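Please look over the sequence and the model shown here before reading on.

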Amino acid sequence: MNQWFSKSQKAVFITVFLIAISVALQNKTTVAFAEEADSGKHEAVDELWKDSVQPENSENQQNPEQTHTPDNTDTNKPATNDADTNEPGSNNADVNEPGTNNADANEPDSNNADANEAPSNDTATEEEPTGDTNQDEQAPDEQAPPAEKPDIKASLKEKKNTKAATIHWNSVQGAKTYKVQRSTEKYGKFKNIASIEIPTENTTENTSEHTAQKYKDTGVKKGSSYYYRIAVKMADGTTCYSNAVSFICPYAKVSGIQLSRHSSSSVKVSWKPGDGQANYYKVYYAKEAQGDYKLAGTTKDTSYHVTGLKSNQDYYFKVKACAAKKASSLDGELSDAVKIRTAPYNRTTIFAGDSITVGLRTYNILGGMAIEGNKGIVAEIGLNTTTFRTRRVFDGKTGVETIIAAKPYRVYLMLGDNEIHYRSKEDTVAGFREILKRIQAGTPDTDIVVLAATPVTSAKVAAQKGFAQIPAYNQSLKKLAKSMGVRYFDCTDFLKDADGWLKTSYAAGDGIHWTAEAYREYAKRLEAYDRTLD
């Protein structure tokens, strides 16, 4: 070397050589730092995969073989070729120098872009799944189908019935309470008449929508029409309604028809009002049981006098309870036919009772009374509601037996004054009831009129306080007559003073019996009343 180089040349050569060695050592140190940095970055990526949770409907799960899992850490390791790019003297050495662009590992277009960028992209995918995945959870009201109104159908077992309305409807899934509602108008106000609670276990999805439900309404009134519907309260608090169904409760079939001859060419038809008094009654008649029935007439009363009949002829009668004079869906059925044969007839009216009734004969009042046909008296002094049934003072017969034997057209019956002063009104009424029962059974065609007990003077009431029961006793007699289908007549007002007791001007002296003038006034009132009955 001494031969080839001068001292100055040697010095220059040595300096250049040392610089080269220094540069080489510096590059090797830079590569080591780069490798250490890349290793740290991949370890961070592995930790991100371990913490992430894959959405159930993620596209990454459509093909299980392509699903990313924490075990796929090899995909985040540096590529083998990356080491070569960091070798001293390579073209990529300057990518790590200050001021240069990012290393190839961070370049979007580099081969390792997927490996280094995956953590940020995959993390976003896991934490923010697509809208399709969680759409139902985010907007259930928008995606869920609108709730359908339950199909509630109400029906009636019978649309026309005289006793009750039976409403049927289908069970509704999710129902909590059924309310049966009723109205007298289809679009009127419906009122709750029944509430049916559904047990909690029956509101589940297993409840059949076709299970039958029913309710029987026995509170219907004869001669009325109704509308029913079902209100269903659901478990979610909403209320739904069924359709409205119509129901008719017509008048009941008339029963207890009685026929009595009024003359040789007329018949009196009477019947019981039953459990529902109709607005009108129509009376029909025919000459044969299955013949053509003609309308005899219409009345609001419970009896009707059919005239213009032929003598010695069989007739059949039927009665119908009606809502109006014109035909209506509320009208009841025709009654069963009842038969009678017309014949020459001599009408008889009997006045029965105690000493008050005997006064009609004593003062010769009976013969002058303007009442058609024969008239008779079945009365005796001292009789009461018990002895009239037990004491045989009428040719060996009791008062009741005498009336039955005569089979009169009509009987006026007055009893009670001889016992009300020492017996309770209840016992006296009970005795009167027994008399009526026996007469009705023995002579059913006889028209019975119960007469009110007459007042006594206030002095008599003071002496025998039991007489104070007379007003209450008369009220009880009125109720008794109605319950047994007979008439009640009170014409005693003209006899009473301001306090309601017998006027002294009409009293015969004992404070109980009347004067002749009182009987004449009494007869006039009986005559007028009797005419109204026929």
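The model is predicted, so to speak of local features a pLDDT of at least 70 is needed and side-chain atom pairs count only at pLDDT 80 or more, while totals for chains, interfaces and linings use all residues. Residues are numbered from 1 along each chain as its sequence is written, and side-chain values use heavy atoms, with hydrogens and water left out.

**Two open sheets**

Helices (H or I, at least four residues) and strands (E, at least two) are DSSP runs numbered from the N terminus, and two strands pair if DSSP finds at least two bridges between them. On that basis, an open sheet of three strands has the order β9-β10-β13, with antiparallel pairing. Its edge strands are β9 (258-263) and β13 (303-306), each of which pairs on one side only. From one strand to the next the twist averages 20°, where axes are lines fitted to C-alpha atoms, for helices over the stretch in contact, and angles run from 0 to 180 degrees between N-to-C directions.

Strand β10 (residues 266-270) is joined to β13 by four bridges, and β9 is joined to β10 by five. A hairpin of two residues connects β9 to β10. Across these pairings, Q258 stands opposite S270 in β10, S270 stands opposite S303 in β13, and V269 stands opposite Y304 in β13. Five of the five residues of β10 are buried, so this strand is largely enclosed by the rest of the structure; buried means under 20% relative accessible area, exposed over 50%, and partly exposed in between, with a 1.4 Å probe and protein chains only. S266, K268 and S270 point one way from β10, whereas V267 and V269 point the other way, and all are buried.

Four strands form another open sheet, in the order β12-β11-β14-β15, and here too the pairing is antiparallel. Because β12 (294-299) and β15 (338-341) stand at the edges with a single partner strand each, one side of each is left without a neighbour in the sheet. The twist averages 30° from one strand to the next. Strand β11 (residues 280-286) is joined to strand β14 (residues 314-322) by seven bridges, and Y281 stands opposite A321 in β14.

**Aromatic pairs**

A search of the whole structure finds 13 aromatic pairs. Rings of Phe, Tyr and Trp (its six-membered ring) pair if their centres lie within 6.5 Å, and planes under 30 degrees apart count as stacked, over 60 as edge-to-face and the rest as tilted. Two of the pairs are set out below.

| Pair | Geometry | Centre to centre | Between the planes |
|---|---|---|---|
| W169 and Y178 | edge-to-face | 5.7 Å | 65° |
| Y228 and F247 | edge-to-face | 6.3 Å | 65° |

Y228 lies in strand β6 (residues 224-234) and F247 in strand β8 (residues 245-249), so their pair ties together parts that are 19 residues apart in sequence. Y228 counts as buried at 0% relative accessibility, and F247 counts as buried at 0%. W169 is buried at 3% relative accessibility, and Y178 is buried at 2%. Ring pairs also link Y363, W514, Y519 and Y522 into a cluster.

**Pocket and cavity**

On a 1 Å grid over the protein atoms alone, a cavity is a set of points where a 1.4 Å probe fits but cannot get out, a pocket is an open set with protein on both sides within 12 Å along at least five of seven lines, and lining residues have an atom within 4 Å of a point. Grid points are joined across faces, edges and corners, and a volume is the space filled by probe spheres set on the points.

The largest pocket holds about 970 Å³ of space. It is lined by 35 residues, of which W271, T302, S303, G485 and R487 are the closest to its centre. Among the elements that each supply at least two residues of this lining are β9, β10 and β13, together with α11 (470-483) and α12 (516-533).By class, the lining of the pocket has twelve nonpolar, 15 polar and eight charged residues, where Ala, Val, Leu, Ile, Met, Phe, Trp, Tyr, Cys and Pro count as nonpolar, Asp, Glu, Lys and Arg as charged, and the others, Gly among them, as polar.

Residues lining the largest cavity include F351, L360, M414, Y519 and Y522. The largest share of this lining, three residues, comes from α6, and the lining divides into nine nonpolar, one polar and no charged residues.
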